[in-house]
Amino acid sequence: MTTAEEGALLVVGDVVTDVVARHRGPLATGTDTVAVIRTVPGGAGANVACWAARSGCAEVRLLGRVGVDAAEWHRRELVAAGVRPRLVVDPEAATGTVICLVDNGHSAERTFLTDSGASLRLEPADWSDALLDGVARLHLSGYLLFSEPSRALAAVALASARARGVPVSLDPASAGFLVAMGVESFLALVEGVDVLLPSRDEACLLTGLSDPAEAAVELSRRVPLVVAKAGADGALVARAGDILARVPAEPATPRDTTGAGDAFTGAFLAALVAGADPRRAAERGCRAGALAVERVGARPPVHG
């Protein structure tokens, strides 16, 4: 049970199946490339929820949409991670699937092939204001903004949270999708959000600025608090047009960078829910990000 003072974190976002293929060096076009392949639960929204629970958030709830094919597996995995899932089972679409190609070299950089499936078919009918009962913070996965039904759901959730005085955070999720949508369209949709958590590249894309610090400052003139995640360079925290903190990354030997940003976001939000200031919360986020990149897959360990 959460305390009255602390409250719960509600995450609304994507739940997908990740197929992670770790290879070394360039892909061999037209023939075989040796790889280690695993199927693991993923999705930016679900990952954030799991990392928030791992980071000590007393109650984490997740609203997502999955297909019949993998609904029970995802439900079990989320419960095992300490998350209270509310999964809408789509009668038509299969569970979203992402193929993560991870270069097993020094950087462990990754490339995604994405079939969103049921995950972006969340719609306003899936929302209930009762989901916000006892909630201290609402987090929206930016992937919700990239399809019409889930974009409408995100607008309903945001309006409901604002009516109750519940602060709302959002992670832009994908530079590629941002380019396709258009920067101004995206920024218009996130008006009313309290915390924006872009990657360094996303912050630069959203502002047209090449310097991440300048980009974070510029975004903080539109969103009250901006936390730009910069991987091995840590994080920048900006508020109301000023840099509030530059938080260094924790040392780590990367094996798989998939989900590192989600880990940061989950730990950051768990810290905010517990009453930490943004600098301390970003430090917690950097620690979780370091743990994430040393593991294969985007979720925290269930035990240990």
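## Arg 222 and its surroundings

Apart from its neighbours within four places in sequence, Arg 222 makes contact with Glu 184 and Leu 187. The structure described here is a predicted model. Arg 222 is placed in the loop between helix H7 (212–219) and E11. Between Arg 222 and Arg 38 there are 40 Å in space, taken from C-alpha to C-alpha, and the two are 184 residues apart in sequence.

Strands of a sheet pair through backbone hydrogen bonds, and they may do so in parallel or antiparallel fashion. In this model, an open sheet of 9 strands has the order E5-E4-E1-E8-E9-E10-E11-E12-E13, with mixed pairing. Its edges are strand E5 (83–90) and strand E13 (242–247); each has a single partner strand, so one side of each is left without a neighbour in the sheet.

Val 237 has Ala 245 in E13 as its bridge partner. Helix H8 (residues 260–273) packs on the sheet, where it touches strand E1 (8–12), strand E8 (135–141), strand E9 (168–171), strand E10 (195–196), strand E11 (225–229) and E12. The direction of H8 makes about 145° with that of E11.

## The packing of H8 with H9

Two packed helices are described by the angle between their axes and by the distance between those axes. For H8 and helix H9 (residues 278–293), the angle is about 145° and the axes are 7 Å apart. The crossing of H8 with H9 is right-handed.

On the H8 side, the residues that meet H9 are Ala 260, Ala 263, Phe 264, Ala 267, Phe 268, Ala 271 and Leu 272. Their counterparts in H9 include Pro 278, Ala 281, Arg 284, Cys 286 and Val 293. The residues of this contact comprise 14 nonpolar, 2 polar and 1 charged.

## The sheet of four strands

A further open sheet consists of 4 strands in the order E3-E2-E6-E7, and its pairing is mixed. E3 and strand E7 (110–115) stand at the edges with a single partner strand each, so one side of each is left without a neighbour in the sheet. On average, neighbouring strands of this sheet are turned by 20° against each other, direction ignored.

Strand E2 (residues 16–23) runs parallel to strand E6 (residues 96–103), and 8 bridges join the two. Val 16 stands opposite Gly 96 in E6. H2 packs on this sheet and touches E2 and E3, its direction making about 80° with that of E3.

## Pocket and cavity

Rolling a probe the size of a water molecule over the atoms shows where empty space is left. The second largest pocket has a volume of about 220 Å³. Its lining has 16 residues, and those nearest its centre are Pro 41, Glu 77, Arg 295, Arg 299 and Pro 300. Strand E3 (35–42) and helix H2 (71–80) each supply at least two residues of this lining, and the largest share, 4 residues, comes from E3. The lining of this pocket divides into 10 nonpolar, 2 polar and 4 charged residues.

The whole structure holds 1 cavity of 30 Å³ or more. The lining of the largest cavity is formed by Ala 44, Gly 45, Val 48, His 139, Ser 141, Gly 142, Asp 171, Ala 173 and Asp 262. Helix H1 (44–54) and E8 are the elements that give two or more residues to this lining, and H1 gives the most, with 3 residues. By type, the lining of the largest cavity has 3 nonpolar, 4 polar and 2 charged residues.

Definitions and conventions
Residues numbered from 1 in each chain as written. Predicted model: local features only at pLDDT ≥ 70, side-chain atom pairs only at ≥ 80, totals over all residues. Heavy atoms only, no water. Pairing = 2+ DSSP bridges. Contact = heavy atoms within 4.5 Å. Axes fitted to C-alpha atoms, helices over the stretch in contact; angles between N-to-C directions. 1 Å grid on protein atoms, 1.4 Å probe; cavity = no way out; pocket = protein on both sides within 12 Å on 5 of 7 lines; lining within 4 Å. Points joined across faces, edges and corners; volume = space filled by probe spheres on them. Nonpolar A, V, L, I, M, F, W, Y, C, P; charged D, E, K, R; others polar. Left-handed = near helix turned anticlockwise from the far one by under 90°.
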